[in-house]
Amino acid sequence: MPTADATGEAPRDCPLCPRLVQFRGDNRAAHPRYFNDPVPCFGDRNGRLLIVGLAPGLHGANRTGRPFTGDHAGDLLYSSLLRHGLARGNYEQRPDDTLALVDCMVTNAVRCVPPENKPLPLEIKTCRQFLSARIAAMPKLRAVLTLGRIAHESVCKALSISAREYPFRHGAQHMSDDLALVASYHCSRYNTNTGVLTPEMFDSALRAAKAAAAG
């Protein structure tokens, strides 16, 4: 069975989660020009900050093959990174734009798009090997910004720490040895449209994560 490579990437056409494999196949038939495979990480492998989301969006990262690219969450995430000096270039919702991340990397707890954007617990657990490998492959990592409870708890498990002792709440900051964990509500359209997460709230969490990474 496939395992994570040295950089924490899943193989193309990963077979580990049958339901996600089937969904990818359905999407290949419906959207043959989409990426429709595990979405690789994006950013600086020597970065001090790792940002972890939930999973690729069907018509966002699953289409473009780059995390958060082409959906509403990416609009807020990448504009915020640009504003805080954690990215340069232009974000144009496509993987061949000029956007480049600075001192940070973006990934997801689950690399394949799940039906209704809801991965099953077993799929989250199965995909965690890629998250663990990504964390291990960042030699200068100082901070992780988790977007949403699922991402936060998966990061905790990848670090072999208890989510009860490092609980998720927006704006929470924890230390695990020399690694800082900063939590934010996910920057999804639902959260921003309902006011669960405002741009100011997200900006505050990102600012805290950047400061923790700078150490």
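Pro15 is partly exposed, with a relative accessible area of 42%. (Buried means under 20% relative accessible area, exposed over 50%, and partly exposed in between, with a 1.4 Å probe and protein chains only.) Pro15 lies in the segment before helix H1 (18-30). Helices (H or I, at least four residues) and strands (E, at least two) are DSSP runs, numbered from the N terminus. Pro15 and Gly85 are 70 residues apart in sequence, and their C-alpha atoms are 38 Å apart in space.

This is a predicted model, in which local features need pLDDT of at least 70 and side-chain atom pairs count only at pLDDT 80 or more, while totals for chains, interfaces and linings use all residues. Residues are numbered from 1 along each chain as its sequence is written, and side-chain values use heavy atoms, with hydrogens and water left out.

## The nonpolar cores

The largest nonpolar core has 29 residues. (A nonpolar core is a set of buried Ala, Val, Leu, Ile, Met, Phe, Trp, Tyr and Cys residues joined through side-chain atoms within 4.5 Å.) Leu49, Tyr78 and Leu81 have the most contacts inside this core. At least two of its residues come from each of these elements: strand S2 (49-53), helix H3 (72-83), strand S5 (104-108), strand S6 (143-147), strand S8 (179-184) and helix H7 (199-214). H7 gives the most, with six residues.

What does Leu81 touch, not counting residues up to four places away in sequence? Its partners are Ile51, Leu86, Ala87, Leu101, Cys104, Val106 and Leu206.

## H3 against H7

H3 and H7 pack at an angle of about 50°, and their axes are 11 Å apart. Axes are lines fitted to C-alpha atoms, for helices over the stretch in contact, and angles run from 0 to 180 degrees between N-to-C directions. H3 and H7 are therefore oblique to each other. (Angles under 35 degrees count as roughly parallel, over 145 as roughly antiparallel, 65 to 115 as roughly perpendicular and the rest as oblique.)

From H3, the contact is made by Leu76, Leu77, Ser80, Leu81 and Arg83. From H7 come Phe202, Asp203 and Leu206. These residues divide into five nonpolar, one polar and two charged. (Ala, Val, Leu, Ile, Met, Phe, Trp, Tyr, Cys and Pro count as nonpolar, Asp, Glu, Lys and Arg as charged, and the others, Gly among them, as polar.)

## Two positive phi values

Phe68 is not a glycine, yet has a positive phi of about 65°. Phe68 sits in the loop between helix H2 (61-64) and H3. Phe68 is buried, with a relative accessible area of 5%.

Ser160 also has a positive phi, near 60°, in a residue other than glycine. The loop between helix H5 (149-158) and strand S7 (173-176) holds Ser160. Is Ser160 buried or exposed? Ser160 is exposed, with a relative accessible area of 69%.

His186 is found in the loop between S8 and helix H6 (189-193). His186 is buried, at 17% relative accessible area. Among the residues His186 touches are Gly53, Phe68, Leu147 and Asn191, leaving out residues up to four places away in sequence.

Phe130 belongs to helix H4 (residues 121-136). Phe130 is buried, with a relative accessible area of 2%. The C-alpha atoms of Phe130 and Asn193 are separated by 31 Å. Along the chain, Phe130 and Asn193 are 63 residues apart.

Note on methods: Contact means heavy atoms within 4.5 Å.
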